[in-house]
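The sequence and structure come first.

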Amino acid sequence: MKQTDFARALTLFLTDYLPGQRNVSTNTIKSYRDVLKQFLLYMQAEHQIKPEHLSFASVDAGCIKAFLKWLETCKEVSISTRNQRLAALHSFFRYAQTEYPEILFESQKILGIPFKKKRKPVIHHLTKEQLQRLLEQPDLSTGKGRRDLALITTLYDTGARVQELIDLKVYDLRLSKPAVITLTGKGNKQRNVPILEKTQRLLENHLRENHLDDHGRQQSPLFHNSNLQAFTRPGITYILNKYFKMAKWLHPEESFPEKLHAHMLRHSKALHLLESGVNLIYIRDLLGHVSVTTTESYLKVDSELKRKALEAAFPQVKDQNMPAWEENKEILSWLTDLCKG
């Protein structure tokens, strides 16, 4: 069967353009693949067009809008997920219009479909006390307990995204002083993150106990399951939830969040650094944010943090000639004296 223009563009987009020209990560390619696969299944179910017969002539802006509405109503996806699907389709049609100029007009209409505005989510995090309670739970008399403590501590100390932790290999560690971990983030961008001495000792013991410092093990996952395979996201979530439930049960006096996910430790790291007075630019670099604007969102979590940041940025205008406020002084008299030179 002759390949359709849509099938050809989709194939080249996923196998040549994204990895070769955009140099995006494998996870990003998988994400785009899943969106396009879902769109093909939608066209087959709702428009009775089989994937192998779908062409650009069958796809217009109305189809994309109907697909997005179907996602929200039938699949009950969130606005964030709806926008993520649209972003993937935007990227595909931005590429396709360069390969097939005859679809330029329709592609421009598709690219003009706007993202939906959404309410900014609350940034949930653990306090320093709650984090300490969590780190007290692993049983250090067992190998798994020692591994889990090293994993959770590394996740928090580096501020890593969960996929960045999963992708860590032994060669990403440099435990000689100053100890550093190399994280590979979105778009295969790498950043070197310094780690604390406690984390360094835990990782040294972890490498030694699991023979990961042996010759030839540099390519091995830093954290692996009983099958010597790198953890999956659900695997890490299971570990965190196990100890989180234990901490909540043992310390009912603490106002823990309702649930814990891996990204919450990243939020916690950023907020704890802010509370300690660390500059936003350093936190941006630690977390791997492209823009400091993203990092500034943490200031909105705590009004006290926001107040301190504003005070630090505001120039000190008071000098020796400024009259002090006296409780019993008439306000007009005080204002009159204020600018006397």
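## A salt bridge between partly exposed residues

Glu136 is partly exposed, with a relative accessible area of 40%; buried means under 20%, exposed over 50% and partly exposed in between, with a 1.4 Å probe and protein chains only. Its partner in a salt bridge is Arg133, with the closest N and O atoms 3.9 Å apart. Here a salt bridge is a side-chain nitrogen of Lys or Arg within 4 Å of a carboxyl oxygen of Asp or Glu. Arg133 is also partly exposed, at 25%.

## Basis of the model

The model is predicted: local features need pLDDT of at least 70, side-chain atom pairs count only at pLDDT 80 or more, and totals for chains, interfaces and linings use all residues. Residues are numbered from 1 along each chain as its sequence is written, and side-chain values use heavy atoms, leaving out hydrogens and water.

## Overall composition

The protein has 15 helices and 3 strands. Helices (H or I, at least four residues) and strands (E, at least two) are DSSP runs, numbered from the N terminus. Of its 341 residues, 41% count as buried.

The protein exposes about 20500 Å², and carbon and sulfur atoms supply 53% of that area; accessible areas come from the Shrake-Rupley method with a 1.4 Å probe, and for residues only the protein chains shown count as cover. Among contacts (heavy atoms within 4.5 Å) with a separation of 6 or more, 60% are between residues 24 or more positions apart.

## Other salt bridges

A search of the whole structure finds 12 salt bridges. One of them joins Lys109 and Glu106, whose closest N and O atoms are 3.4 Å apart. Both residues lie in helix H5 (residues 104-111), 3 residues apart, or about one turn of the helix. Lys109 is partly exposed, with a relative accessible area of 39%.

The side chains of Arg284 and Asp285 also meet in a salt bridge, at 3.0 Å from N to O. Asp285 is partly exposed at 43% relative accessibility. Glu72, Arg82 and Lys116 are linked in a network of salt bridges.

## Helix H2 and its surroundings

The axes of helix H2 (residues 26-47) and helix H3 (residues 61-73) come within 11 Å and cross at roughly 95°. The axes are lines fitted to C-alpha atoms, for helices over the stretch in contact, and angles run from 0 to 180 degrees between N-to-C directions. H2 is therefore roughly perpendicular to H3, a term covering angles of 65 to 115 degrees. H2 contributes Gln38, Phe39, Tyr42, Met43, Glu46 and His47 to the contact, and H3 contributes Cys63, Ile64, Ala66, Phe67, Trp70 and Leu71.

Thr28 also lies in H2 and is partly exposed, at 24%. Thr28 and Gly187 are 159 residues apart in sequence, with their C-alpha atoms 7.9 Å apart in space.

## A buried lysine and a nonpolar patch

Lys269 is in helix H11 (residues 262-275). Its relative accessibility is 9%, so Lys269 counts as buried. Leaving aside residues up to four places away in sequence, Lys269 touches Tyr156, Asp157, Gly159 and Leu286.

Trp249, in helix H10 (residues 233-250), is exposed, with a relative accessible area of 69%. Together with Met246 and Leu250, Trp249 makes a nonpolar surface patch of about 360 Å². Patches are made of residues with over 30% relative accessible area and no salt bridge: like charges are joined within 9 Å, and nonpolar side chains (Val, Leu, Ile, Met, Phe, Trp, Tyr) within 5 Å.

Methods
Angles under 35 degrees count as roughly parallel, over 145 as roughly antiparallel, 65 to 115 as roughly perpendicular and the rest as oblique.
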